[in-house]
Amino acid sequence: MKMTLITGTTVTQAQSKEASKLSQRYMENVAMCEISDSDMEKLGIKPGDHVRISSSFGSVVVRAVKAKEQNEGIVFMPPSPWSNLVTGHPTGGTGIPTFKSLEVEVEPAPGEPILSLQEIFKKIYGLEVET
């Protein structure tokens with residue numbers, strides 16, 4: 001399903017990264033996306049289900065949660081290593097990467113795992129992260 005990705009800082013994202021970006025709490029608060037009830041219904045998913053978000057820059061599997069603001073066609077993610085896999089770095093001369101209004105494809109991803117931060121660094125960047 002084609003949607004528009006918006007990223008933005010949340011209170012829980014900011015609080016949990018203070019503890020550790022390698023913590024389970026941080027992952028639970030940022031390896032997720034908010035989707036409206038009506039879009040969840042169209043996708044055939046419920047809160048807690050895994051979804052794949054894909055853009056021209058890449059894709060990522062995250063957990064779907066009920067959107068705080070019910071805007072159809074909008075998927076929201078906190079800025080994180082997970083959202084960075086789909087937002088890309090080109091700025092188009094603005095100096096601001098594509099963190100707002102990015103066209104993405106969202107689809108159910110049953111059975112697909114959500115990678116941990118350590119797994120992202122190893123798989124995507126070939127780097128080992130010590131815990």
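Contact here means heavy atoms within 4.5 Å. With that rule, Val61 is in contact with His50, Val51, Arg52, Trp82, Ala109, Glu112, Pro113 and Ile114, leaving aside its neighbours within four places in sequence. The model is predicted: local features need pLDDT of at least 70, side-chain atom pairs count only at pLDDT 80 or more, and totals for chains, interfaces and linings use all residues. Residues are numbered from 1 along each chain as its sequence is written, and side-chain values use heavy atoms, with hydrogens and water left out.

## The chain as a whole

The protein chain has 5 helices and 6 strands. Helices (H or I, at least four residues) and strands (E, at least two) are DSSP runs, numbered from the N terminus. Their order from the N terminus is β-α-α-β-α-β-β-β-α-β-α.

Of the 131 residues in the chain, 40% are buried. Buried means under 20% relative accessible area, exposed means over 50%, and partly exposed lies in between (1.4 Å probe, protein chains only). The chain exposes about 7300 Å², and carbon and sulfur atoms supply 53% of that area. Accessible areas come from the Shrake-Rupley method with a 1.4 Å probe; for residues, only the protein chains shown count as cover.

Now take contacts between residues at least 6 apart in sequence. Among these, 74% join residues at least 24 apart.

## Strands and their partners

Two strands pair if DSSP finds at least two bridges between them. Strand β1 (residues 2-7) and strand β5 (residues 74-77) run parallel, joined by 4 bridges. Here Thr4 stands opposite Ile74 in β5.

Strand β2 (residues 32-35) also pairs with β5, in the antiparallel sense, over 2 bridges. Glu34 stands opposite Phe76 in β5. Another partner of β2 is β4: these strands run parallel, with 4 bridges. In this pairing Ile35 stands opposite Lys66.

In a regular strand the side chains alternate between the two faces of the sheet. Both faces of β2 are covered. Met32 and Glu34 are buried on one side, and Cys33 and Ile35 are buried on the other.

## The nonpolar core

A nonpolar core is a set of buried Ala, Val, Leu, Ile, Met, Phe, Trp, Tyr and Cys residues joined through side-chain atoms within 4.5 Å. The largest one holds 29 residues. Cys33, Ile35, Ile53, Val75, Trp82 and Val106 touch the most other members. Strand β4 gives the most to this core, with 4 residues.

Leaving aside neighbours within four places in sequence, its contacts include Met3, Leu5, Cys33, Ile35, Ile53, Val104 and Val106.

Val61 is found in strand β4. The C-alpha atoms of Val61 and Pro108 are separated by 9.2 Å, although these residues are 47 apart along the chain.

## Two serines in loops

Ser36 lies in the loop between β2 and α3 (37-43). Ser55 lies in the loop between β3 (50-54) and β4 (59-66). Each has a polar contact. That is a pair of N or O atoms within 3.5 Å; within protein, one must be able to donate a hydrogen and the other to accept it, and residues adjacent in sequence count only if both atoms are side-chain atoms. The side chain of Ser36 reaches the backbone nitrogen of Asp39 at 3.2 Å. A polar atom of the Ser55 side chain lies 3.0 Å from the backbone nitrogen of Phe57.

Contacts beyond four places in sequence are listed next. Ser36 touches Ala67, Gln70, Asn71 and Glu72. Ser55 is in contact with Val86, Leu102, Glu103 and Val104.

## An aromatic pair

A search of the whole structure finds 1 aromatic pair. The rings of Phe121 and Tyr125 have their centres 5.5 Å apart and their planes at 55°, so the pair is tilted. Rings of Phe, Tyr and Trp (its six-membered ring) pair if their centres lie within 6.5 Å; planes under 30 degrees apart count as stacked, over 60 as edge-to-face and the rest as tilted.

Why are Phe121 and Tyr125 separated by about one helical turn? Because they are 4 residues apart in helix α5 (residues 117-125).

## Accessibility compared

| Residue | Relative accessibility | Class |
|---|---|---|
| Ser36 | 1% | buried |
| Val61 | 7% | buried |
| Ser55 | 17% | buried |
| Phe121 | 27% | partly exposed |
| Tyr125 | 47% | partly exposed |
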